[in-house]
Amino acid sequence: MQPSKTTVTGLFSTPHQYQIPIFQRGYVWTLEKQVGPLWADIQDRADALLEQQALAAKGVTAAIKPLQKHFLGSIVMTPVPNTFGRVPAFEVIDGQQRSTTLQLLLLAFRQASLKLDESPIPQMLSGLIRNPGPYQRSEDHFKVWPTQAGQDEMQRLSDSTTSVQDLCAAYPARDGRKKIERPLMVQTFLYLYHACLGYMRGLDLTETVGPSTDGTQADLLIAEIRRSNDVDPLIPSRPLDPSRAEALYMALSDHVQIMTLTLEAEDDPQVIFETLNARGEPLLASDLVRNFVFLEAARRGEHVQELYAKYWSQFDLVATAGKGVSANAYWREKERQGRLTYPRIDLFFYNYTVLRSQEITLASHVFQSFKSWWQKQPRNLEDELARIVGSSQHFRELVSPESTGYLAEFARLVKSLDVGTVTPVYLALRERLGSDSSELRQALGDLASYLTRRAVCALTTKSYNRFFMRVLQAVTNSEGAPHLELRKVLLEATAPSEVWPDDSTFRDKWQHRAAYTELRPAKTCGILRALEYVARGTMQGSNHVPVQADLTVEHVMPQSWEKLSSYQMTDMTEVQRQLRGTAIHSFGNLTLLTQPLNSSVSNGPFSDSEDEKGAHIQGKRSRLGQSALLLNTYFQHSGISTWDESAIARRSQSLFKAALLNWPRPADSPAAPTAVASALSGN
């Protein structure tokens, strides 16, 4: 390893290109966490230089001390071989965020300095942002060549004919009222451009905006970049000061230091990559996995570009109509599992690592566990990448169900019950059983019954990690019938923390538990929605049920029943009040609506009535009967004229009959949709 010290201008002063390998993560630095502090460090050195010049102008030379250099961090790189006819290049092993940001700073500084009159600075900066060539490929002119997700942005930002106004128009912050997130590289460029322009006007971004607010100029600038299509310059009325531009350039060329580490043949890039700590944004476990796999491919002499494009690129890139290729935001979005929230791609690799290793893994140790599993035996890279892609598709259908059908409905039920610990088992079943097979339907039916019954019966989920590890091992290691092994493990569990509740326990809790308050509305809604879906079956394609976010849980007898004379009982004892308090939150008193009733109906009488003039007023029963949901056909029966504890108990029995058909134990053949629909309607 060859260490060397350089400056920002020194890093880019020679005709070289710093290539970000395709398997590295894209640009992730944010304005608040990394870009703003980086600018503050550079501005501090420029300010110190101006102070020194001011002292020298006054003749106070005794007080002048050599300026300390600020260390910005390190960049680790390895030479790219065989570049004949092309620009000499280095692959950046660590420090890609920093090197990209510094190049964006130089591009922004040059754009801002063009507003100076007769200044040499734009020309001085030109050699730092473009390799002169000629070269065989047009991309060789770029000093930094990012991963594919950032190449379109880098080309546009490097185009000297593109104005800042053109850039803002190409990457707007909103479309009407809809907010659009600008690419992070574009945000960084705009921030640094306005920071350079403001600095030349004497502005310090740490200054407060005004006496009535604690917000700084930096906060104001960030807000403008995030919410406004046109980002206006800060204090445009102030004139530009060429001496401040010169101080900024001198700070970059003399007073800000970078350490470059160039690897030699005997150095292991993977070991160095894992050991070094990048400044700012921590690496995701998936970033470490990706680098580990593709550096292994490079060591073996395999076609890294082809492997990446065929398998891994879907995690990083997405083709957008009219905008080419951009970063795939889906896998970076956060997903909750239990009490913690992770980027989806890390959550996937957590579950995938559990699936492959068949060991309980901490979310903070995903990469270490993945690497340990990988190194236990020789791996065929292409086969393993294909398995990763296949499992990622199964994971996506589980955490982000978009279609209809039993797979999507199982996923929605799991999501509403918040039992992500079942994910590795699901991945194993999807890998081993066909999506349309009766075996998979049985397995998922058993899991749905097990999870729903335990949720309704208020049984703990604390041991699910250990229990579902046993289930996973049984499913994975079974020779020919994973669905039967799954059922066997579920039925053999007898401990309270694992047992599959029998019909008697299930019935008791279904009919007498205050589900709405104890099970919570989201889980209650998910269970009722599942009954609605299966009751619809495939009747003329009418089994579409609104997603849970579009449904509302409605109490038939209002929670505020004590305020309504129509629900009052004479001489009601305290015990009766307590029993009613439980009954109103039980399944028998709960239904779903696609639109909430207005408060006067929701909290009004159950039966129809007449006003003072004899006009007919629909009660809650009639309004519920108008619902398109099969759950509410029950209220159309002519025999239901009042709604009290007895009526709630009868409907609870009707709903339980449907629940028993939908979530049997053991799962025989699934109940016919018509049977569930009949039970829901009370027939």
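Biologist: How many residues does helix H13 have, and what span does H13 reach?

Modeller: Helices are DSSP runs of H or I with at least four residues, numbered from the N terminus. The expected span is 1.5 Å times one less than the number of residues. H13, residues 344-357, has 14 residues and reaches 20 Å from first to last C-alpha, close to the 20 Å expected. The model is predicted: local features need pLDDT of at least 70, side-chain atom pairs count only at pLDDT 80 or more, and totals for chains, interfaces and linings use all residues. Residues are numbered from 1 along each chain as its sequence is written, and side-chain values use heavy atoms, leaving out hydrogens and water.

Biologist: Is H13 mostly covered or uncovered?

Modeller: Buried means under 20% relative accessible area (1.4 Å probe, protein chains only). In H13, 14 of 14 residues are buried. Glutamine 358 follows H13 and has a positive phi, near 55°.

Biologist: How many disulfides are there?

Modeller: A disulfide is a covalent bond between the sulfur atoms of two cysteines. With a cut-off of 2.5 Å between the sulfurs, the count is zero.

Biologist: Which residues touch the most other members of the largest nonpolar core?

Modeller: A core joins buried Ala, Val, Leu, Ile, Met, Phe, Trp, Tyr and Cys residues through side-chain atoms within 4.5 Å. Leu429, Phe468, Trp510 and Trp663 do, out of 101 residues. Helix H18 (residues 438-456) gives the most to this core, nine residues.

Note on methods. Helix = DSSP H or I, 4+ residues; strand = E, 2+ residues; numbered from the N terminus. Buried < 20%, exposed > 50% of the residue type's maximum accessible area, 1.4 Å probe, protein only.
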